[in-house]
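How do packed helices sit against each other in this predicted model? Two packed helices are described by the angle between their axes and the distance between the axes. The report below takes the helix pairs in turn.

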Amino acid sequence: MLRFGILSTAKIGRELVVPAIQDAENCVVTAVASRDLARAREMADRFSVPHAFGSYEEMLASDKIDAVYIPLPTSQHVEWTIKAADAGKHVLCEKPIALKADEIDSLIAARDRNKVLITEAYMVTYAPVWRKVRSLITDGAIGTILHVQGAFTYFNRDPGNMRNIPELGGGALPDIGVYPTIGTRFSTGKEPLRVQAVTRRDPEFGTDIYSSVKADFGDFELTFYIATQMANRQVMVFHGTDGFIEVKSPFNADRWGAEEIELTNRSHNESTLFRFPDSRQYKREAEAFARAAKGENEEVVTLESSKLSQKFIDAIYRASEKDGWEPV
């Protein structure tokens, strides 16, 4: 069993990732760390975790863990990923793992010098829904892809939420813009060449709250919009010469709607519905991470792939400041 330490008591860890690790077959949470020992102990007790630490450094120095899960604010991801790797721990870090593509070079160096696994927690890449989308595209179910369309929006104007605080790495693009981009890259195996974008910022918070993006992948285009101050919506559609695939609840599986894919033929007179009633994508993510950390041949998100994802986001920010195309 791979032994996880949880670096902070953040909500995503409490509500989604820690329960998934505890439910996994090949890993377990053995420690929780917080800058407040009482909070660490409270969370540890909630999940029957044996060890609680009142500092991150103390947990990283412990022999009670083999790996860490990092759900800290985005602005702290690079710092603590490197510290964990230098302590000899494998690292599963929440997305985005960095705020600039060139920052990931330091993570690659930390991974290589310490011979540990470092991967970004894109849970969707472990979900049966997205594995099926990829296989349908690979098998030619929709012919040649010509267009991909996506949307991911929610409403949050809480000034205390890290997503609305620039200093903590807040903003719509770091938080949710990464999903249409990773979903398209993962499913098609293609990389964007150039982008156009419009981005709007909240006048009070200073964070980006809306982006409309057009990306040229050479053989096809991706268009999507994301927002943190719009009514909730998620959708991804892959449209080809012979049909299209609509992913009904693409990113928060089973939380925003049914875990379904609908494959429709060219004439729009026949559809096939694929349902995934037991996705448990966070559990699958933890299990895949544990297998890879043990040296097994397992597909995980590499830091090299993470750098390509972040180059995409960086290019969207640059494109938002100009008219016309911006190279990725």
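The crossing of α6 past α7 is right-handed.

Which residues make the contact between α6 and α7? From α6 come Trp-130, Arg-131, Val-133, Arg-134 and Ile-137. They meet Gly-183, Phe-186, Ser-187 and Thr-188 of α7. By class, this contact has 4 nonpolar, 3 polar and 2 charged residues.

Next comes the pairing of α1 with α8. Helix α1 covers residues 11-23, and α8 covers residues 281-293. The two pack at an angle of about 60°, with axes 8 Å apart. That makes α1 oblique to α8. Here, too, α1 passes α8 in a right-handed crossing.

On the α1 side, the contact is built from Ile-12, Leu-16, Val-17, Ala-20, Ile-21 and Asp-23. Their partners in α8 are Tyr-282, Lys-283 and Ala-286. This contact has 7 nonpolar and 2 charged residues, with no polar ones.

The geometry of both pairs is set out here.

| Helix pair | Axis angle | Axis distance |
|---|---|---|
| α1 and α8 | about 60° | 8 Å |

Key:
Residues are numbered from 1 along each chain as its sequence is written. This is a predicted model: local features need pLDDT of at least 70, side-chain atom pairs count only at pLDDT 80 or more; totals for chains, interfaces and linings use all residues. Side-chain values use heavy atoms; hydrogens and water are left out. Axes are lines fitted to C-alpha atoms, for helices over the stretch in contact, and angles run from 0 to 180 degrees between N-to-C directions. Helices (H or I, at least four residues) and strands (E, at least two) are DSSP runs, numbered from the N terminus. Angles under 35 degrees count as roughly parallel, over 145 as roughly antiparallel, 65 to 115 as roughly perpendicular and the rest as oblique. A crossing is left-handed if the near helix is turned anticlockwise from the far one by less than a right angle, and right-handed if clockwise. Contact means heavy atoms within 4.5 Å. Ala, Val, Leu, Ile, Met, Phe, Trp, Tyr, Cys and Pro count as nonpolar, Asp, Glu, Lys and Arg as charged, and the others, Gly among them, as polar.
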